[in-house]
Amino acid sequence: MMFDKILEKVNETVSLNKEEKDYLKSILKFKKVNKKEYVLKQDVIENNYYFIISGCLRSYIIDKKGIEHVIQFSSKGWWITDNESLLYNKPTKFNISAAMDSEILILTKEAKEESIKKYSKLEKYYNEGLEKSIIFLRNRLNEILSLSAEERYLDFCEKFPDLKDRISQKYIASYIGVTPEFFSFMKKKLKTENQNKI
């Protein structure tokens, strides 16, 4: 049951036989993560990839003033990690923690590399995941640079309809780049303008 979602996602890219599915399941570690619990802390070298079965993880940085800036939310069926830290073996600039109680699967860097040697078709799945991550982050950068706060919020609601009422409004404010006070004001304004997407 806990592996259904990842097998479904892998199957969208490559078809695995029973042996390959069993192997993949054997290298993944299941973990329940409580709300606000960290899976990665800033200045640590990342060694894992995290697949979300349920719930939501958030990746964020803390600036020099101590203010959090949410870079990414990852919900059911998504992967999250710090690829730069993994690839270059350097301390991460990011924190990754649970935005709500979550269930995840953990794939270590070593297990991933070994799995590619054993079953080369898994490399296609991993590469597609990395490509999707790059596309997501490029689009995220484009949103930050070119959309207004209201547009960023409406885009968030469209991308994450299941999260907008389930995670802290403070996290959403941080994601769209405004203070919680301004976010509250903006939401009220949008509601009065009869925006049915919020």
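Contact here means heavy atoms within 4.5 Å. By that rule, in this predicted model, the buried residues of helix α7 (169–176) pack against β4 (56–62), β5, α5, α6 (149–159) and α8 (180–192). The chain has 8 helices and 8 strands.

**Overall dimensions and packing**

- The C-alpha trace spans about 55 × 35 × 30 Å along its principal axes.
- Of the 198 residues, 43% count as buried.
- Among contacts with a separation of 6 or more, 70% are between residues 24 or more positions apart.

- In α7, 6 of the 8 residues are buried, so the helix is largely enclosed by the rest of the structure.
- The buried residues are Tyr171, Ile172, Ala173, Ser174, Tyr175 and Ile176.
- Tyr175 is also one of the residues touched by Glu143, which belongs to helix α5 (residues 121–146).
- Glu143 is buried because its relative accessible area is 5%, and buried means under 20%.
- Apart from residues up to four places away in sequence, Glu143 touches Arg152, Asp155, Lys159 and Tyr175.

**The open sheet**

- Four strands form an open sheet in the order β1-β8-β3-β6, with antiparallel pairing.
- The edges are taken by β1 (29–33) and β6 (79–80); each has a single partner strand, so one side of each is left without a neighbour in the sheet.
- The pairing of β1 with β8 (residues 102–108) is antiparallel and runs over 5 bridges.
- Within that pair, Lys31 stands opposite Ile104 in β8.

**Strand β7 and its partners**

- Strand β7 (residues 95–98) has Asn95 and Ser97 pointing one way and Ile96 and Ala98 the other way, and all are buried.
- Strand β2 (residues 38–40) runs antiparallel to β7 and is joined to it by 2 bridges.
- Leu40 stands opposite Ile96 of β7.
- Strand β4 is also antiparallel to β7, with 4 bridges between them.
- Here Arg58 is the residue opposite Ser97.

**Largest pocket**

- The largest pocket holds about 870 Å³ of space.
- It is lined by 32 residues, and those closest to its centre are Trp79, Asn83, Gly129, Leu130 and Ser133.
- Two or more lining residues come from each of β5 (68–75), β6, α3 (83–88), α4 (109–118) and α5.
- Helix α5 gives the most to this lining, with 12 residues.
- By class, the lining has 15 nonpolar, 9 polar and 8 charged residues.

**Second largest pocket**

- The second largest pocket has a volume of about 230 Å³.
- Its lining consists of Gly66, Ile67, Glu68, His69, Lys170, Tyr171, Ala173, Ser174, Gly177, Val178, Thr179 and Pro180.
- Both β5 and α7 supply at least two residues of this lining.
- Helix α7 gives the most, with 4 residues.
- Tyr171, Ala173 and Ser174 line this pocket and are among the buried residues of α7.

**Cavity**

- Rolling a probe the size of a water molecule over the atoms shows where empty space is left.
- The count comes to 1 cavity of 30 Å³ or more.
- The largest cavity has a volume of about 30 Å³.
- Its lining is made up of Asp82, Glu84, Ser85, Lys90, Pro91, Thr92, Lys93 and Phe94.
- These residues divide into 2 nonpolar, 2 polar and 4 charged.

Terms used: Residues numbered from 1 in each chain as written. Predicted model: local features only at pLDDT ≥ 70, side-chain atom pairs only at ≥ 80, totals over all residues. Heavy atoms only, no water. Buried < 20%, exposed > 50% of the residue type's maximum accessible area, 1.4 Å probe, protein only. Pairing = 2+ DSSP bridges. 1 Å grid on protein atoms, 1.4 Å probe; cavity = no way out; pocket = protein on both sides within 12 Å on 5 of 7 lines; lining within 4 Å. Points joined across faces, edges and corners; volume = space filled by probe spheres on them. Nonpolar A, V, L, I, M, F, W, Y, C, P; charged D, E, K, R; others polar.
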